[in-house]
Amino acid sequence: MVHHEPVRVVREAELLEADPTAGMVRRRAFEVPGLWAGQVVTEPAAVSGWHHHDSNVSMLYVVRGVLRLECEGVEGWVDAVAGDYVQVPAFTVHRESNPGREPSLAVIARSGLGIPTVNVSQAPPPHA
């Protein structure tokens with residue numbers, strides 16, 4: 001007989017602070033080999049530090065607010081708003097900010113076996 005694990009619910013109060021980057025708060029709901037799931041909150045006017053997610057691909061769903069992303073190889077920035085999905089490829093150096101008036105909230109699913117977050121000391125081109 002095959003043993004199946006039960007469905008698990010993680011309440012908001014049970015989320016764990018995870019892989020910090022200045023300017024944002026990530027909280028983890030689940031982590032199993034190859035998959036990380038949680039959320040990120042970015043306060044108004046906050047700008048995160050530059051970072052990448054090693055060999056992990058990150059997918060975000062913006063629940064509320066504005067999530068602004070700057071990344072290597074892209075002039076300026078792109079804004080994602082409530083209802084938008086964002087894909088951040090593996091090893092892509094980027095930073096998030098919030099130009100809005102309310103905290104932004106995004107749900108994250110990250111796939112891969114690399115280091116969850118690698119903070120870097122300088123901006124990539126063309127932002128350097």
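Guide: Two strands are said to pair if DSSP finds at least two bridges between them. Please keep in mind that the model above is predicted.

Visitor: What makes β2 and β3 a pair?

Guide: β2 and β3 share 7 bridges, in the antiparallel sense. The cut-off is at least two, so the two strands count as paired. Across this pairing, Arg26 stands opposite Val40 in β3.

Visitor: What makes β1 a partner of β2?

Guide: Here 4 bridges join β1 to strand β2 (residues 24–32), and the strands run antiparallel. At least two bridges are needed, so β1 and β2 also pair. Glu17 faces Arg27 of β2 as its opposite residue. These strands form a hairpin too, with 2 residues between them; Gly23 in the turn has a positive phi of about 95°.

Visitor: How do you know that β3 and β10 belong together?

Guide: Strand β3 (residues 35–42) and strand β10 (residues 104–111) run antiparallel and are joined by 8 bridges.

Visitor: What is the order of the strands in the open sheet?

Guide: The open sheet has 6 strands in the order β1-β2-β3-β10-β5-β8, with antiparallel pairing.

Visitor: Why are β1 and β8 said to stand at the edges?

Guide: β1 (16–21) and β8 (85–88) each have a single partner strand, so one side of each is left without a neighbour in the sheet. On average, neighbouring strands of this sheet are turned by 30° against each other, direction ignored. As background, strands of a sheet pair through backbone hydrogen bonds.

Visitor: How many helices and strands does the chain have?

Guide: The chain has 0 helices and 11 strands.

Visitor: What makes the chain as compact as a globular protein of its length?

Guide: Its radius of gyration is 15 Å, close to the 14 Å that the globule rule gives for 128 residues, so the chain is as compact as a globular protein of that length. Along the principal axes, the C-alpha trace spans about 55 × 30 × 20 Å. For contacts with a separation of 6 or more, 70% come from residues 24 or more positions apart.

Visitor: Why is Thr42 called buried?

Guide: Buried means under 20% relative accessible area, and Thr42 has 1%, so Thr42 counts as buried. Thr42 lies in strand β3. Beyond its neighbours within four places in sequence, Thr42 is in contact with residues including Gly23, Leu67, Asn98 and Pro103. Over the chain as a whole, 39% of the 128 residues count as buried.

Visitor: Which residues have the most contacts inside the largest nonpolar core?

Guide: They are Val40, Leu60, Leu67 and Val86, in a core of 13 residues. Two or more residues of this core come from each of β3, β5 (57–64), β6 (66–71), β8 and β10. In soluble globular proteins, nonpolar side chains tend to be buried together.

Visitor: How do you know what Val86 is in contact with?

Guide: Contact means heavy atoms within 4.5 Å. Leaving aside neighbours within four places in sequence, Val86 touches Ser58, Met59, Leu60, Leu69 and Ala80 by that criterion.

Notes
Residues are numbered from 1 along each chain as its sequence is written. This is a predicted model: local features need pLDDT of at least 70, side-chain atom pairs count only at pLDDT 80 or more; totals for chains, interfaces and linings use all residues. Side-chain values use heavy atoms; hydrogens and water are left out. Axes are lines fitted to C-alpha atoms, for helices over the stretch in contact, and angles run from 0 to 180 degrees between N-to-C directions. The radius of gyration is taken over C-alpha atoms; the globule rule is 2.2 Å times the number of residues to the power 0.38. Buried means under 20% relative accessible area, exposed over 50%, partly exposed in between (1.4 Å probe, protein chains only). A nonpolar core is a set of buried Ala, Val, Leu, Ile, Met, Phe, Trp, Tyr and Cys residues joined through side-chain atoms within 4.5 Å.
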